[in-house]
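Subject: Structure handover

Hello,

Here is the structure I promised you. Please load it and keep it open while you read my notes below.

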Amino acid sequence: MAVAIPGWSIGTASGIIAGAALPDRIVSALSVALFGMFLAIIIPPARESRIILTVVITSFIASFAATYMEPLAQLTGGTRTIILTVVIAAAAAWFRPVQSQQKED
């Protein structure tokens, strides 16, 4: 943590400074690149596991539905994302727990 927390903080501060210094068009393009990065993170594991694919698709549908469902629709997008992440991750862990591998002697 002694390296991770300062590194995260410095990276965040650098991003804020760069975002303020860059033109709006570039900042907008970087925002789209962020979504591309998240897709690059979730697509390979989803291709290999039906369970992960199901969780990803469920997340997309739930996120879309929560945008229009009361009382979730009244919350900010970030708050909805946090709530959905906790609920969907908990449900996935409950219904499909990771099987621990025991070492053979």
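H2 and H3 cross in the left-handed sense. This is a predicted model, so please read every value below as computed from it. Helix H2 covers residues 24-48. Its axis and that of H3 are 5 Å apart, and the packing angle is about 130 degrees.

By class, the contact of H2 with H3 has seven nonpolar and two charged residues, and no polar ones.

One more residue in H2 is Ile43.

H3 spans residues 50-68, and H4 spans residues 77-95. They pack at about 145 degrees, with axes 10 Å apart. Here the crossing is right-handed. On the H3 side, the contact uses Val55, Thr58, Ser59, Ala62, Ser63, Ala66 and Thr67. On the H4 side, it uses Arg80, Leu84, Ile88 and Ala92. The contact of H3 with H4 divides into six nonpolar, four polar and one charged residues.

Next, the core. Which residues form the largest nonpolar core? There are five: Ala62, Ala66, Leu72, Leu84 and Ile88. H3 and H4 are the elements that each give two or more residues to this core. As background, nonpolar side chains in soluble globular proteins tend to be buried together.

Leu72 deserves a look of its own. Setting aside neighbours within four places in sequence, Leu72 is in contact with Ala66, Arg80 and Ile83. Of these, Ala66 is also a member of the core.

Last, the loop between H3 and H4. Pro71 lies there. What kind of peptide bond joins Glu70 and Pro71? The bond is cis, with omega about 0 degrees.

Best wishes

Technical notes
Residues numbered from 1 in each chain as written. Predicted model: local features only at pLDDT ≥ 70, side-chain atom pairs only at ≥ 80, totals over all residues. Heavy atoms only, no water. Axes fitted to C-alpha atoms, helices over the stretch in contact; angles between N-to-C directions. Helix = DSSP H or I, 4+ residues; strand = E, 2+ residues; numbered from the N terminus. Left-handed = near helix turned anticlockwise from the far one by under 90°. Contact = heavy atoms within 4.5 Å. Nonpolar A, V, L, I, M, F, W, Y, C, P; charged D, E, K, R; others polar. Core = buried A, V, L, I, M, F, W, Y, C linked by side-chain atoms within 4.5 Å. Buried < 20%, exposed > 50% of the residue type's maximum accessible area, 1.4 Å probe, protein only.
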